[in-house]
Each structure stands twice: as structure tokens, then as C-alpha cells.
There are 2 protein chains.
Amino acid sequence: MQKQATINDVARIAGVSKRTVSRVINGSLSVGETTRTRVEKVISELKYSPNTQARGLASSRSYLLGLIYDNPDALYLDDVQRGVLEVCSNLGYELVVHPCRYRSETLVQDCLRFMQRSKLDGVIVLPPVSESETLALALKDSGSAYVRLSSVALDEAKHIVVSDDRAAAAEMARYFAQLGHEHIAFISGPQRYKSSTERMEGFQLGLSAYGIKLRPDWIIEGNNTFETGIECARQLLQVETRPTAIFANNDQMAAGVLKVAHSLGIKVPEQLSVAGFDDNMLASRVIPALTTIKRPVRQMALLATSKLIMSIENNDKAATNVAAKVAPTLVVRESTARVPGNSN
Amino acid sequence: MQKQATINDVARIAGVSKRTVSRVINGSLSVGETTRTRVEKVISELKYSPNTQARGLASSRSYLLGLIYDNPDALYLDDVQRGVLEVCSNLGYELVVHPCRYRSETLVQDCLRFMQRSKLDGVIVLPPVSESETLALALKDSGSAYVRLSSVALDEAKHIVVSDDRAAAAEMARYFAQLGHEHIAFISGPQRYKSSTERMEGFQLGLSAYGIKLRPDWIIEGNNTFETGIECARQLLQVETRPTAIFANNDQMAAGVLKVAHSLGIKVPEQLSVAGFDDNMLASRVIPALTTIKRPVRQMALLATSKLIMSIENNDKAATNVAAKVAPTLVVRESTARVPGNSN
DNA sequence: CAATTTTGTGCCACCGATGGCAAAAAGCTA
DNA sequence: TAGCTTTTTGCCATCGGTGGCACAAAATTG
């Protein structure tokens, strides 16, 4: 391995002191124009790049961000990671990942240890872990920089990026109503998650604008897995009168609905419309392709990272000003259609 | 944030010198039994944990591992990350991720910079990046510890964990043959990837044991995406005589085949058997659920990490001895069946 | 043109560990 | 008990940077 140049080498060759080189690297203002360019030239000639550990030790920063997540079907994990790194790498940060269990008793402890051990400069917390107020509080208390991704604005603007799931669900409701559906069922996610209640309320709100009300027994709670999607769908479809449309809290469960419909010989979308949420890879690949809501995951990651780095670099104001809300969009595919015999 | 205890605090309270505390932490042998326990007691009382940056600076180690990957549909990314961290965290390592572009011209440069900047102790390289010999060479030259995941044993045992895709594909061939299929098509992955050729050759080899030979025009090259799966399937199915079975190089493309079959009114598995490879989440969710090959991703991650850490800690022999090969297994679901009218 | 302010630059202590070396303590031998 | 190993332990330089402070040079002012 070719020996790495140090700041001393740069200083010596450029004929200045270490301190000055350090100033150039960190963009301190008080460096003369000529000195600066001279130093920069040497730096690039030597391909010098500062030793992160030494730098961290001296300045108590690590240039490391953390990603805390617990996603059973982390389909968008890669999207998030790429998004985060897109912002990171220009600014000299790297990303350390930390999968965990939301429901674990030691979650908070575990995450704090993680941050401390690696001396992370800040963390990005994905849903559903992001909904843990105890974690958020612990992070705040420990003075750590953090940004949460969620469906609800449950924190100050500088700490959060929200996807407006409520509005998106309302849009789905509108779409359903316009297709003429009146007998609509909803398969919700676990009610302990904000994202679930947001989507449900948004959907109900949207429907009510058209005078449609969800029958209480047509609201069934799943836990966002394919398997519970199947269970819930069975309850809804293996009965005398069934809904003409089902909106599931996510694509996984919607896929479960398709499975059940198929096995019962119910044609989608002719006899039953089905829609999901997330637009994960599954959505476009199942048959029929799912109508769903697309969350701008990448964009959320970009925004979150920008915010995070700004607050790390003591620019809270800028962090607050970065957009904190993104709008998911309706993606219509093949799994939804007009109610048969209803031509309004 | 509660101020972190330093090694000096521990030393002072335990009434020994820094050096001794350091010895205890690093498991150096020459520490008296009594001193050791006393120090350990203080350490746990203070909840002391060494500052990684300082440690790294002094010992030129970072306790950071890297994960280099480029996976268009990184469905197993989470599996890998969890697997790696399962081993890591007990041993005090963390994981830094680095998505990249395999085909990028600057791949090698980019990865080396990544390692250098973060002073990583070692990296795990996922396919297809793992197939880059120039990268492997560069890593070796730079004296970095690394382990590659691949379908072929393209490196010394201590540097690789292979999944025997060839054997698995052969097993699929056997399964097809036993179902009575003779008119079989294969949708391959890009021929520049070893995994593609391995699977193809394994499949052909397996078939030849039953005296079956693939028609050259029934071997079509896709690029592992759903979309090319669709294209390839069209070529195979929109013709007079079509195969009775199609084996695709991965589940994404197999899903594409299902889509086309459905749109052409070809019943799967009654009129056409379809199988994929990977057993990603898609496989069990599409209709009909895909017969496929399951790769023990988690296990590969565990093995790779063990190897990596062993070689980092200068135990090459142990690293070599960790198992280097895992066997994917056939998972039969609904998309394959006996050839109609063939009862052998 | 001297006095004063405003840059620009250098010196050096410090961040929190490790590791070489020497000294002290303990264990053995004679 | 003196003399010699063998453990244990402590001192201190070191890793590669940062940041405070002092000082020199340049710019501004009276």
C-alpha cells in the first residue's frame, strides 16, 4: 500500500505550516489567496486526503452518519442508502448502517450505544423506528443531530421529513369514488403506527367528501405483511356480499389480496378493484399490476441528509428551511377499474 | 450528553496506569489476574468504552468494515447487512455501505478511495462487483483485507464465499426433466457475469444427463431485469411451437415471463412451467408462486464476515478454514408442473 | 510617517488511545 | 539470602490532525 501523505508533507512541500494547511482544508477564511492556491496545488499533487480518525479525534467529529432502520421488507433500503450517499459523499461523510428491532426493549439503549461507539455525527431514522418518541427524546437529550422520516410531522422541521400519506390516501379515495365504488374495504396497518392511522384517516376523509362511509366491519387490521394481507382478504372476500374495491395499507398486503381473489376466482379488476401503497418493486410485477401510491423515497433521503448535515455543521436555520414535506403520488395501473354496471 | 469516561478515568480509579487498562481491553496476556478483574470492574462501572477514533489513530485500525455492492434490485441487501452485523457487533465492528456502479470506469479508484478515506479494516464485495478482477487485484495490492461473494471460486479460500449456482441449476434441470419436459428454454443473464454462465452451464449439464439439449434459439440473453424478462419471453412465446418450460436466470425475469404468459392466455403451470433463481420476495408473491432456487444469503454474509474479521486479525489460517461454499436449494412452488400428456 | 487595525501565518498543547522500553515485583535457583 | 528469570506494570513518545494564542505583515488611519 502506497504510504499516505500527511499534512506535514503537504506543509513542508508547500513551505507553510501545518496549521495553514489545516485552514485551507477546512475552508477557514483567513488564508491568503496565493498561499491557498499553492497549498491546494500541493494537496492535489500529493493526492493528500486528511486522516479521518485523527481529524475526528481532534475535532470530535467522525464524518460518519448512521442509518437506523427496521424494515421487514426493506425494499427501498437501497434507494435510501443511495440517496443518502449521494449527498454524503460530496461532503466527505460516509454512512454506517444499523438495522434494529423497533419493538425491542433495548432499542433506545442500543441505538445510543451505536452512536456513541462510532462517534457518529448524526443519524437518520427510518419508519417505523422514527415513530418512537422515546428514541427521539433520547437523541435530543444526548445532543445528537438526527432526522426522522415519517408520515407525520412529529418533530421540529429541522428534525423531520414527512411524506404526506394522509393526502395521498385521500387522493386514492377520490380515485375510487370517481370510479363509482361505494362498497369499499380498507386493510389497515398496525394501528400503533402513525403511518397506518394517517393513511386510514386520509382515506376516510377523502371518501367522506363523496358521501361514502367505510363500513366498520370492512376495516380490518393487518400487520403490513403479505401473509396478513391474505388473512384479511379472506375475511373480506369469503362472504355473501363483498366490497367492490379494497385499499390496502401497503403493496405487500395488496399482493395478498390479489392472491386470495385469484384463488376464489374473483377477477381483478373486473369484479374487484385493489390498490396498495408504497409502489415497491412488487407493485408493477404482480398480475394485474397494482394501482398504488408512490412515495418519493429517494427524494426524502436527499432532503433528510441535507438537513442532517446542515444541523451537524451548526446551521440550524438552513436545516429548518430545507423542505420538510414531500407528496406521494397516485400511480394507476391495472388492478383498479370502474364498478361494473355503474356508469357515473 | 453525559461525558464519556476516558481510559485515564479508569486508570485513576482502578489505581493502575493507562497502559495496563489498555492491556486489559485488548486482552493482552501479561496482566495479573487480580489487576485484570479490578480494572474490568471499574470499566463496567463507568460503562467505559474506548474511543474508536483514538484507538484507530494509534493502532491504525478503524473497526469499520465496508460493504461494496451494486445491485439494481437489491432485494437481499437487508439480509446481507443484517447477516454481516450479526457477526460484527459482537466483535466491535461496524458496517459502512458503499453502493457503486460496476460498469463505471472509476470503480476501482472509487472503491479504493472509499477504503482509504474511512480507513476501513476490510471490505465485503457483493456480486456482480465481486467479479471484477481488477478490483480484487487492486485490493490485494493495497494490502486490504477483503472477501468476495460469488458463484465461482475465483480467489483463494480466505477471500471468497461461493454459492454453488452451477449445482443448483443442475438440480433445476433434473427437476424439469423428471417432470417430463423436453422442450425447454433458458433466459440467461448477461454473459459477462460469471453467475450467468455458471447457471447456464449447470442447467445444460443437468439436462444432458437426461439426454436433453437446449435448442440454441431457445437460449436468450436478458439482463436480469423484469423488463428484459418480458422481452425475452415474448420472443419465446409468440411463435408457433413454444417450449413447455422456461428457466430464467433470476426471479425478476421469471416474473416477466409470467406476465407475458398471462397476457397471451398461456396457463402457468398447466401449459407452461416457469422457474426462476434467487427466491427473492417476489417469488412467493406472484401468481402462480414461482418455483425457484433459494440462495442462503444470510449464511453467506455470516461466513464472509467471519472470514474477513479473521484475516483482519491476522488469522489467515482460520479464515481459510471457514467454509467457503454454500449450496442453494430448490424451492418448488406453483409455477411448475408435469408436461401435459406425458406420464413418465 | 508613525500609530493602529486588519489580515495571514506559525508554534504548540491537546484529543484518547497504543506500543516500545525500562523498571519494579514476583518467582526460582543455588 | 543473594542472584537471576520471568511476569507485571508504568512512563512516555506517537498517531495525524485541530484550535487557541501570539506574532508578523499588510492595510488603514490620523
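In this predicted model, a backbone N or O atom of B:I7 lies 2.4 Å from a phosphate oxygen of DNA strand C. B:I7 is also among the closest of the 28 residues that surround DNA strand C.

**DNA strand C**

- The closest residues to DNA strand C are A:R23, A:T35, B:I7, B:R19 and B:S22.
- A polar side-chain atom of B:N26 is placed 2.7 Å from a phosphate oxygen of DNA strand C.
- On the base side, a polar backbone atom of A:A58 is 3.4 Å from a base oxygen of DNA strand C.
- Two or more residues of the surface near DNA strand C come from each of α2 and α4 (52-59) of chain A and α2 (18-25) and α4 (52-59) of chain B.
- With five residues, α4(B) gives the most to this surface.
- Sugar or phosphate accounts for 54% of the atoms of DNA strand C within 4 Å of the protein, and bases supply the rest.
- The surface near DNA strand C comprises eleven nonpolar, eleven polar and six charged residues.

**DNA strand D**

- DNA strand D is surrounded by 27 residues, of which A:R19, A:S22, B:S17, B:R23 and B:T35 are the closest.
- Of the atoms of DNA strand D that come within 4 Å of the protein, 51% belong to sugar and phosphate.
- B:R23 places a polar side-chain atom 2.6 Å from a base oxygen of DNA strand D.
- A polar side-chain atom of A:N26 lies 2.8 Å from a phosphate oxygen of DNA strand D, and one of A:Y48 lies 2.8 Å from a sugar or linking oxygen of DNA strand D.
- At least two residues of the surface near DNA strand D are supplied by each of α2 and α4 of chain A and α2 and α4 of chain B; α4(A) provides the largest share, five residues.
- Ten nonpolar, eleven polar and six charged residues form the surface near DNA strand D.

**Helix pair in chain A**

- The axes of α1 (residues 7-14) and α2 (residues 18-25) of chain A come within 8 Å and cross at roughly 105°, so α1(A) and α2(A) are roughly perpendicular to each other.
- A:I7, A:N8, A:V10 and A:A11 of α1(A) make the contact with A:K18, A:V21, A:S22 and A:I25 of α2(A).
- The residues of this contact are five nonpolar, two polar and one charged.

**Salt bridges**

- Over all chains, the structure holds 49 salt bridges.
- One salt bridge joins the side chains of A:E133 and A:R148, at 3.3 Å from N to O.
- This pair links distant parts of the chain, with A:E133 in helix α7 (residues 133-141) and A:R148 in strand β4 (residues 145-150), 15 residues apart.

Key: Residues numbered from 1 in each chain as written. Chains lettered and ligands numbered in written order. Predicted model: local features only at pLDDT ≥ 70, side-chain atom pairs only at ≥ 80, totals over all residues. Heavy atoms only, no water. Axes fitted to C-alpha atoms, helices over the stretch in contact; angles between N-to-C directions. Helix = DSSP H or I, 4+ residues; strand = E, 2+ residues; numbered from the N terminus. Parallel < 35°, antiparallel > 145°, perpendicular 65-115°, else oblique. Contact = heavy atoms within 4.5 Å. Nonpolar A, V, L, I, M, F, W, Y, C, P; charged D, E, K, R; others polar. Near = heavy atom within 4 Å. Polar contact = N/O pair within 3.5 Å; in protein donor to acceptor, adjacent residues only side chain to side chain. Salt bridge = Lys/Arg side-chain N within 4 Å of Asp/Glu carboxyl O.
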